Amino acid sequence: MASEYTIRIGGAAGQGMQFIGGLLVRGFSDAGFYTFTHQDYMSRIKGGHNFYQIRISNHPISSSRNTFDILLALNRETIEIHAPEINKSGLILYDSEIIKHDYSQEEFFHVPFTDIIRQLDLDKVMSTSVALGAVLGCAGFESLLGFETIISNFIPVTTEGVIASQVKAGQAGLDYITKALEPSRRLLPIGQPEKDKDFLFINGNHAIGLGALVSGCKFYSAYPMTPATSIMLYLISKAEKYGIIVEQAEDEISAINMALGASYGGVRAMTGTSGGGFALMTEGVSLAGITETPIVIAEVQRPGPATGLPTRTEQSDLFFVIFGGHGEFPRVVFTPGTPEQALSLTNKAFHLAEKYQIPVFIQSDQYLADSQWTLEDLDTESLQYEDFRLRGSELSNTDFYQRYSLSENGVSPLAIPGASKHLVVVDSDEHDQDGHIIEDAHTRNMMVEKRYHKKLPLINREIAPPILHGYQKPDIVVTCYGSTFGVTKEAVERLGAKYKIAMLHFSEVYPFPLRDIFDYVDMLNTAKTTLCVENNVSGQFAQLMRMETGFEFDARINKFDGRPFGLDYLLGEIDGYLRGL
Amino acid sequence: MVTLEDYKGQEPAWCPGCGNFAILNIIKRALTELEIAPHQLTIVSGIGQGAKMPHYMKCNTFNGLHGRTLPVATGLRMANHDMLVIAIAGDGDCYGEGGNHLLHAIRRNVNVKLFVHNNQIYGLTKGQASPTTTEGTITKTQPFGSLSSQLNPLAMAISLDCGFVARGFAGASGLPFLKEIMKEAIRHKGFALVDILQNCISFNKVNTFHWYKDRTYELPDDHDPYDRISAFQKSLEWGDTIPTGIFYRKDKKSFEEKIPGIKDTPLVLQPFSFSDAKMEISGN
């Protein structure tokens, strides 16, 4: 029995990798297996080289491997690129009619997808189902894993006849393997996991969208930009049911200003983009800062500068999001590492944005956005909803109202305009308590005091310390933030057999967490070796750590090729460094 | 009853003789006559001398960024379509910096009234050419004369099929007519552009108060604002004579009316059920 496999499906855009991959993942998870998928695609609609990778396991997993056990090659380029990454006793499935080439090496196995479809007299698009059946057969499965149900759920608009044909094609693929591939060449079946688990399927952007929805987000405006667009798509899919308005703005400048207009109007509002779009939003962030208008901003990173690698991943906008926007004002930046964190931190973002009337960021990246996780459940207990706006009778019974009245904690009541006779006046200029334009030094000082000195310490108290995973008194600490959580966690768990090692992960990075609950700097100082893993070239988090605490890591592991860290790669990097000491 | 006193705000900090004073007064009169109370209205403005106007009144105000009045106004209307939203901007603000937003606000037909203080020059930044500056005008930043042609906002709006396109003049002789235009714009259900010609006493030495006074006239009663072609023809008239009035009208559904979710209740008044929303996770 095996405990896990990695299946990679490669081909040109439009060849059905998403279809096959999506169905396989659902089949595996319905059968009780844990899966983790990630996608690697080019910025084009047809052609090119894309792949969809599925890791299937009988224990929880949170990262991708750098090697594979089964490669389904839908074009020749896939073979040329991926063949060297095959595991021992792995298989490469291909149809020589499609690839126009025969391979004699023992890891290659020809499956005549096209011919099988011809024999069955089915539409040739159904050869993808033959391929799917073949993959299942090679991975040691004896059935199609409820393919019929999955397909009818997965493709909402389809007729019974189509489903029956797809099932027929899938079965033919599976039967072909049973007949033609000697049992010794098939992969060993994976040990069955515990039964009766009902898995959730979720990726990072889906979790952010869900987080917005449960936090009472009523308005989302954005300009489409990879890899942030799927947050918008998710909210559109729920708009009617939950009364959310999603508006596609003419540009990102408009997107953030619309969201601020809606927030001023009294509803929870959000926008989302990637680095290039965020560049256009920065004056709006500053506007949120001085007008003290609550807003949540998702920034889903891709590699820059400028257009960079539009469909790939990087963690290179940390400083940009922490410092983007002219002038000085408080903000909060969260960097979730998992869909659970993306959900809970988006919820916390809405909570803090309204409680303190500030911009709050959820910073993610293409890797987290597009990787699909199977989760046993999502915690709803820790989610919170508290309406901080002044409305209803509480507002109408107020005798005197000023939008920026000076208060003990710097937070002024946030009234709904039009809901009472009280006027709500906000200004991008420095203003008095009424919200009207001023220029005198005294009022300016009072307002800066209110926004910055009074609110910031309270906001800082809300920021949770990093998570320590592994040895609690480690010799070696691997620090990371954001989407490198899953891979670093697994790497540290594996290296735990060899070293006293732990992961220190930051998901709430700004304001930098206080040290009174958990003195992570003291812990780092006590460790013998400290590393910082980042998906960028300049080590922005390591720089932030030095800036905020004075602590300097012994070494940095940086990757900036636009691809995420795979587990094998990161294990090699960490172990290689530790061996060299 | 709503009175002018209800709208009394700070003392304006404009140059003596600025056309803004007249616009401020006439807006207040139009609102008072329509019995609109200050809390039922939000003025969204950007940056420029005209954009300071809401501080010299008393009403709900969002004085945002240069060029960004219309996106804020659009977001606000989507959150609360019971609120009257007037956007106040200058020619630099909404024809220059925010030009893209204007195109799309017209396309959306969001129910926002855009009153443009058009003095054909940048006042706040001290005398540079604006999109409506006459071609060839020499300024500090255009020493060889403004090289770009003058934007015709009315012709542009009519070409985009904007549902309400008008021009007024902020001189004493034009004010009663301007007030009626403003009231009609406020009554119109959809996006309304009112371009208001005003003098800049400090920086525009060409298009002075008298320059406008001598040229502007009211569109005759037989002008049919529902005739797009004749409206477009009229909008091209600029020189010795400059027409004012409602050039073009078209009645069509506003953006807000087309959003199904807010058909019955404004978004801000719709309740949120945290427990129902959490079901989305458990039933995920």
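1. Helix 2 of chain B passes helix 4 of chain B in a left-handed crossing; a crossing is left-handed if the near helix is turned anticlockwise from the far one by less than a right angle, and right-handed if clockwise. The model is a predicted one, in which local features need pLDDT of at least 70 and side-chain atom pairs count only at pLDDT 80 or more, while totals for chains, interfaces and linings use all residues. Residues are numbered from 1 along each chain as its sequence is written, and chains are lettered from A and ligands numbered from 1 in the order in which they are written. Helices (H or I, at least four residues) and strands (E, at least two) are DSSP runs, numbered from the N terminus.

2. Two packed helices are described by the angle between their axes and the distance between the axes. For helix 2 (residues 69-79) and helix 4 (residues 99-108) of chain B, the angle is about 30 degrees and the axes are 9 Å apart. Helix 2 of chain B is therefore roughly parallel to helix 4 of chain B. Axes are lines fitted to C-alpha atoms, for helices over the stretch in contact, and angles run from 0 to 180 degrees between N-to-C directions. Angles under 35 degrees count as roughly parallel, over 145 as roughly antiparallel, 65 to 115 as roughly perpendicular and the rest as oblique.

3. Which residues meet between these two helices of chain B? Helix 2 of chain B contributes B:Leu70, B:Pro71 and B:Thr74, and helix 4 of chain B contributes B:His101, B:Leu102, B:Ala105 and B:Arg108. Residues are in contact if their C-beta atoms, placed from the backbone, lie within 7 Å. By class, this contact of helix 2 with helix 4 of chain B has 4 nonpolar, 2 polar and 1 charged residues. Here Ala, Val, Leu, Ile, Met, Phe, Trp, Tyr, Cys and Pro count as nonpolar, Asp, Glu, Lys and Arg as charged, and the others, Gly among them, as polar.

4. The contact of helix 1 with helix 6 of chain B comprises 8 nonpolar, no polar and 4 charged residues.

5. The contact of the chains takes 43 residues from chain B and 51 residues from chain A. On the side of chain B, two or more residues each come from strand 2 (60-63), helix 2, helix 4 and helix 10 (274-282). Helix 2 of chain B gives the most, with 8 residues. This side of chain B divides into 18 nonpolar, 19 polar and 6 charged residues.

6. Strand pairing also joins the chains: strand 17 (residues 425-427) of chain A and strand 2 of chain B pair in the parallel sense over 3 bridges. Two strands pair if DSSP finds at least two bridges between them. A:Val426 has B:Phe62 in strand 2 of chain B as its bridge partner.

7. An open sheet of 9 strands, with mixed pairing, has the order 17(A)-2(B)-1(B)-3(B)-4(B)-6(B)-5(B)-8(B)-7(B). Strand 17 of chain A and strand 7 (216-218) of chain B stand at the edges, each with a single partner strand, so one side of each is left without a neighbour in the sheet. From one strand to the next, the twist averages 20 degrees. Within chain B, strand 4 (residues 113-118) and strand 6 (residues 192-197) pair in the parallel sense over 6 bridges.

8. Chain A holds an open sheet of 8 strands in the order 6-5-4-1-3-2-14-7, with mixed pairing. Its edge strands are strand 6 (108-110) and strand 7 (200-203) of chain A, each of which pairs on one side only. Helix 1 of chain A lies across strands including strand 3 (47-57) of chain A, to which helix 1 runs at about 5 degrees.
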